[in-house]
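Here's a quick tour for anyone meeting this protein for the first time. Have a look at the sequence and the structure, then read on.

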Amino acid sequence: MRIAVLALAVAAVALSSPLIAQADQPLSAGQRFAQDAIIVDTHIDAPSLLLRNWNDLGLDTPKVEFDYPRARQGGLDVAFMSIYTSPAEDAAGTATQTAHTQIDAVEAMVGRRPDQFAVLRSPKDLERLHQRGQRVLLALGMENGAPIGDDLSRLKLFHARGVRYITLAHSEDNRISDSSYDMHRKWKGLSPFGEQVVDEMNRLGIMVDVSHLSDDAVRDVLARSKAPVIASHSGLRHFTPGFERNLSDELAKAVAAKGGVVQVVFGNAFVDPASAADTQPISTPAPSSNRNRPRRARAATSRAAKTNSTTPGRRRIRRARSRSMRCSIRSITASSCLAPIMSASARTSTASAVPCPKGSSRSPTIRT
Ligand SMILES: [Zn+2]
């Protein structure tokens, strides 16, 4: 049976994949579905982890969230590698170099395992590179437009290297856009430079990703972009009232009306009102910007929740993640071969549904 699916994944075609299962165990309906559909996960935080600690992701690598054996077992076909840089790296002027190095890491992974991985740059290449499910195809998505700096020509270079979407901002307002997590709202939406960035992304064929943006910025992007836009990893605010990191019904419908897609996240704060309430910033803007804070504080911003650590509300973001999201992230990855499907774009279920397994490791690098 051939199936095209649009749920957690976006697919235009369906291909037959080899059925990976124990020879003596028939596949369940869910496993057959996963193997028959083309499943695309639009946000996997592998490249930054590879830079910190290289792992051969062609082999079982249970300490991280993504590896080839689990991806194929779960039926994952296209995995967007998140080329992530933090506001701290932006402030330090190292974001561009970090982004290039993460792309280098993805290319190294493909170079070492060409039978298992290939870089996907166009939907036209999917069937040829996929090789009937033998390979997991790696597309590139950039989380945070910081590596662009103030130089639009870098967009062309990153496009040439394979970047096919850019999340305009992350946890803090940047040159391009306001962030939903940052209460300063420097631009009240998209900046003038951000408008040029959207125009150039449209011209080059890089998808504009509105995840992480403030509501005003999402509206500005929808009004400015000539092409459909995506939310690569966002939940629906209907289930988490007041949590701006998730999309309102109005904005989700507006993304759909423009031909775009919202890729759903299952992290606690994205689906559980109590976790969301404990995660969202509730304070007024701090008197000074993150860039003026001590280096140690900026690093904490990057590692934990990419948030300003000087205000009570933002401390709450970090606390919520450390005590619940990491647990659920670990547990579902460890507990299910369907994790790549369920985690399309982020990860997890709620902690109550999937308790932390005993001895599960806590990653210091979870990002949302
Ligand atoms: Zn994110």
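How many helices and strands make up the secondary structure of the protein? There are 15 helices and eight strands, taken as DSSP runs (H or I, at least four residues, for helices; E, at least two, for strands) and numbered from the N terminus. This is a predicted model, where local features need pLDDT of at least 70, side-chain atom pairs count only at pLDDT 80 or more, and totals for chains, interfaces and linings use all residues. Residues are numbered from 1 along each chain as its sequence is written.

**Burial**
- Of the 368 residues, 52% are buried (20 or more other C-beta atoms within 10 Å of a residue's own, with C-beta atoms placed from the backbone; exposed means 12 or fewer, and partly exposed is in between).

**Helix α5**
- On the buried list for α5 are A95, T98, A99, Q102, I103, V106 and M109.
- Looking down the axis of α5, these buried residues fall within an arc of 140° (by the directions from the helix axis to the C-beta atoms), so they line one face of the helix.
- Turned away from that buried side are the exposed residues Q97, A108, G111 and R112.

**Strand β5**
- All five of the five residues in β5 (residues 163-167) are buried, so the rest of the structure largely encloses this strand.
- β5 pairs with β4 in the parallel sense over four bridges (pairing takes at least two DSSP bridges).
- M142 has I166 of β5 as its bridge partner.
- β5 also pairs with β6 (residues 207-209), parallel again, over three bridges, and Y165 stands opposite M207 in β6.
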